[in-house]
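I have kept to what can be read from the coordinates.

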Amino acid sequence: MASVSKVKKSKAFERTIVVAGLPVGLLSDQLLTTLVERYFQDVNNDGGDIEDVIYPTKTKGVVYVILKEKKVAENVVRRNKHHLAIQKTVHAQLTVSHFSEKVFSSVKATLDLSVFRGQIILESLVMDLKKMIPTLNFSPLGPRGRISVEGSFLAIKKLKESLLSKASSLLEKNKNFMSEGRKQDRQSPKRSLPKGDNMVEMLRTLVFETAKSPEMIVMDTDVFLYLKWRCEFYETTLNKFNILSQERVDGDVTTIYLANAQAGSGPSSARHVKELLEKWTQALHFRLRKETFILGEKGKREKRNIEWACEQLQSRYHRVLTNFYKTHIDIIGSSSDTYLFKEEVLKLIGQKIS
């Protein structure tokens with residue numbers, strides 16, 4: 001099974017295109033590879049000489065094509081439509097983009113499980129989570145109950161939703177316990193509330209948004225930032241359906257809580273907006289790419305030149321989001337837009353693309 005590592009070893013990033021949308025199971029891998037090679041060799045498809053075709057890959061229906069010339073790769077990506085004839089009556093519509101390591105396929109999150117201490121054995125909780133979502137990688141549990149988790153965005157999303165559900169359940173359990181405690185207090189004033197009271201307060205903090213808002217969306221932070229600052233759809237949809245939103249950014253993962261602005265109205269509007277936003281963000285998740293300028297080891301003058309170049313290009317690339325940080329600059333947009341943006345930045349600062 002081929003993978004991205006083969007592209008890395010070839011040192012042909014700028015000549016490599018990622019082709020998605022290939023049918024799975026209709027043809028043998030060898031025959032499908034031959035069809036892809038012929039298609040991208042055809043000058044009528046803006047193709048040219050090919051160095052290698054990498055298929056199958058770890059992602060079903062995706063092939064990497066390494067072309068011999070960078071210009072040919074750029075022309076292929078710029079072409080609006082690609083249709084590959086699989087059989088006489090079967091055509092596959094292909095999605096072609098520049099190769100980029102910076103895809104939204106893996107995210108990291110740091111969890112603070114200390115809020116569960118006293119109610120659940122944390123080691124057992126971690127074991128249960130590992131069994132429930134085996135695709136996630138967990139770091140050793142820290143002494144203060146903190147643990148790092150890495151995996152696919154969807155797996156991280158499932159993890160967060162599971163923890164919120166468990167926290168809500170414990171909160172309800174403790175509420176009932178405290179209610180019984182208050183009844184006994186009235187009968188026996190000397191009896192004190194259980195020490196679990198602090199636990200309830202911490203859980204309440206954790207699940208406050210869940211209790212307050214009927215709908216919740218978890219998404220990649222880069223996708224969220226692009227959605228908020230480059231897509232009018234987000235604010236327009238919230239305003240159209242009179243929905244209030246609360247956004248919480250936690251590293252690579254962002255959670256949005258939705259609630260109806262009108263008191264007393266049912267959750268149907270918030271649920272509908274949640275469905276609309278989920279469809280929109282899912283499309284962005286597969287379409288967006290990220291390029292990064294690392295600033296950490298560069299001198300002050302070189303850092304400033306890169307920042308200046310990015311600022312100059314922002315007004316021309318309306319569909320690209322540029323996020324400035326102390327250690328790096330993220331460029332988020334479509335594969336072709338981010339590639340061209342980065343290329344122009346390097347030209348402005350007088351560097352050649354390696």
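1. Which residue in strand 5 is the bridge partner of Val 18? The partner of Val 18 is Ser 97, and the strands concerned, strand 1 (16-20) and strand 5 (90-98), pair in the antiparallel sense over four bridges. Two strands are taken to pair if DSSP finds at least two bridges between them.

2. On provenance, this is a predicted model, in which local features need pLDDT of at least 70 and side-chain atom pairs count only at pLDDT 80 or more, while totals for chains, interfaces and linings use all residues. Residues are numbered from 1 along each chain as its sequence is written, and side-chain values use heavy atoms, with hydrogens and water left out.

3. As to the overall content, the secondary structure of the protein comes to 11 helices and 14 strands, where helices (H or I, at least four residues) and strands (E, at least two) are DSSP runs numbered from the N terminus. Of the 354 residues, 43% count as buried, buried being under 20% relative accessible area, exposed over 50% and partly exposed in between, with a 1.4 Å probe and protein chains only. Among contacts (heavy atoms within 4.5 Å) between residues at least 6 apart in sequence, 68% join residues at least 24 apart.

4. The strands of point 1 belong to an open sheet of five strands in the order 2-3-1-5-4, with antiparallel pairing. Strand 2 (50-54) and strand 4 stand at its edges with a single partner strand each, so one side of each is left without a neighbour in the sheet. The twist averages 30° from one strand to the next; for this and later values, axes are lines fitted to C-alpha atoms, for helices over the stretch in contact, and angles run from 0 to 180 degrees between N-to-C directions.

5. Helix 3 lies across strand 1, strand 3, strand 4 and strand 5 of this sheet, running at about 125° to strand 5. Its buried residues are Val 72, Ala 73, Glu 74, Val 76 and Val 77, and what covers the buried residues of helix 3 includes helix 2 (29-41) and helix 11 as well as strands such as strand 3 (62-67) and strand 4 (82-87).

6. Helix 3 (residues 70-78) and helix 11 (residues 335-348) pack with their axes 11 Å apart and at an angle of about 140°. That makes helix 3 oblique to helix 11, since angles under 35 degrees count as roughly parallel, over 145 as roughly antiparallel, 65 to 115 as roughly perpendicular and the rest as oblique. Lys 70, Glu 74, Val 77 and Arg 78 of helix 3 make the contact with Ser 336, Tyr 339, Leu 340 and Glu 343 of helix 11. These residues divide into three nonpolar, one polar and four charged, where Ala, Val, Leu, Ile, Met, Phe, Trp, Tyr, Cys and Pro count as nonpolar, Asp, Glu, Lys and Arg as charged, and the others, Gly among them, as polar.

7. Another open sheet, of three strands, has the order 12-14-13 with antiparallel pairing. Strand 12 (288-294) and strand 13 (321-324) stand at the edges with a single partner strand each, so one side of each is left without a neighbour in the sheet. The twist of this sheet averages 20° from one strand to the next. Helix 9 (residues 268-287) packs on the sheet, touching strand 12 and strand 14, and its direction makes about 55° with that of strand 12. Helix 11 lies across strand 12, strand 13 and strand 14, running at about 140° to strand 14.

8. The axes of helix 8 (residues 232-240) and helix 9 come within 11 Å and cross at roughly 175°, which makes helix 8 roughly antiparallel to helix 9. Phe 233, Tyr 234, Thr 237 and Leu 238 of helix 8 meet Val 273, Leu 276, Leu 277 and Trp 280 of helix 9, and the residues of this contact divide into seven nonpolar, one polar and no charged.

9. Arg 289 lies in strand 12 and, at 14% relative accessibility, counts as buried. Glu 215, in strand 9 (residues 215-220), is buried with a relative accessible area of 8%, and its side chain makes a polar contact with the side chain of Arg 271 at 3.4 Å. A polar contact is a pair of N or O atoms within 3.5 Å; within protein, one must be able to donate a hydrogen and the other to accept it, and residues adjacent in sequence count only if both atoms are side-chain atoms.
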